[in-house]
Amino acid sequence: MRMGAMILAAGRGERMRRCPTRRPSPARGGRKPLIVWQIEALARAGLRDIVVNAAHLAPRLVGALGGGEALGVRLAWSIEAEALEAAGGIATALPFLPAGPALVVSGDIWTEFDYATLVPRAEAMVRDASAPRAHLVMVPNPAYHPDGISH
């Protein structure tokens, strides 16, 4: 089984609206862009072929990351004329993903979650057609933002 990986990076960065918008939302961050943290986490989990969707400031994001060689991965780009929201972005990127399960992560978040822990769950989905077809990883809201994010 080859598990696919996708990073959602097409949006305008509404969760980060207080930050300047000269850079795509996933390219923002402290010492390294948030999307780089995600790419590194996926690579540690053995997922080195990664699809990234991009719309808002896409040329800058593609220019910064290229094909992923500097990070030890292979990036395929699913460019959208305008951001299609998560479901539309995933549907548009399907031709770039292998058949079977895919791990989809947000490009503008930081997490310590170990994506490798999801591989056995994905393998179970492949083996058992009656298994749930989706597995969501939920995290508690941070203390500084107890009500979560609303749009």
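Here is a walk through this structure, starting with its sheet and ending with its salt bridges. Keep in mind that the model is predicted.

Four strands make up an open sheet, in the order 3-2-1-4, and their pairing is parallel. At the edges you'll find strand 3, residues 74-79, and strand 4, residues 102-106; each has a single partner strand, so one side of each has no neighbour in the sheet. If you look at how the strands sit against each other, neighbouring ones are turned by 25° on average, with direction ignored.

Now find strand 1, which covers residues 4-9 and pairs with strand 4 in the parallel sense over five bridges. As background, strands of a sheet pair through backbone hydrogen bonds, in either a parallel or an antiparallel way.

Next, bring in the helices. Helix 1, residues 34-44, packs on the sheet and touches strand 1, strand 2 (49-54), strand 3 and strand 4. Its direction makes about 175° with that of strand 1. Helix 2, residues 58-65, packs on the sheet too, touching strand 1, strand 2 and strand 3. In this case the direction of the helix makes about 170° with that of strand 3.

So which parts of the strands are covered? In a regular strand, side chains alternate between the two faces of the sheet. For strand 1, both faces are covered: Gly 4, Met 6 and Leu 8 are buried on one side, and Ala 5, Ile 7 and Ala 9 are buried on the other. That makes six of its six residues buried. Strand 4 has a covered face, with Leu 103 and Val 105, and an uncovered one, with Ala 102, Val 104 and Ser 106.

How many salt bridges are there? The count comes to three. One of them joins the side chains of Asp 49 and Arg 2, at 3.6 Å from N to O. Asp 49 lies in strand 2 and Arg 2 in the segment before strand 1, so this pair ties together parts that are 47 residues apart in sequence. Asp 49 also forms a salt bridge with Arg 74, where the closest N and O atoms are 2.5 Å apart. Since Arg 74 lies in strand 3 and Asp 49 in strand 2, the pair ties together parts that are 25 residues apart in sequence.

Asp 49 is partly exposed, with a relative accessible area of 30%, and Arg 2 counts as partly exposed at 48%. Arg 74 is exposed, at 53%.

There is also a salt bridge between the side chains of Lys 32 and Glu 40, at 2.6 Å from N to O. Is Lys 32 buried or exposed? Its relative accessible area is 19%, so Lys 32 is buried, because the cut-off for buried is under 20%. Glu 40, at 24% relative accessibility, counts as partly exposed.

Conventions. Residues are numbered from 1 along each chain as its sequence is written. This is a predicted model: local features need pLDDT of at least 70, side-chain atom pairs count only at pLDDT 80 or more; totals for chains, interfaces and linings use all residues. Side-chain values use heavy atoms; hydrogens and water are left out. Two strands pair if DSSP finds at least two bridges between them. Helices (H or I, at least four residues) and strands (E, at least two) are DSSP runs, numbered from the N terminus. Axes are lines fitted to C-alpha atoms, for helices over the stretch in contact, and angles run from 0 to 180 degrees between N-to-C directions. Contact means heavy atoms within 4.5 Å. A salt bridge is a side-chain nitrogen of Lys or Arg within 4 Å of a carboxyl oxygen of Asp or Glu. Buried means under 20% relative accessible area, exposed over 50%, partly exposed in between (1.4 Å probe, protein chains only).
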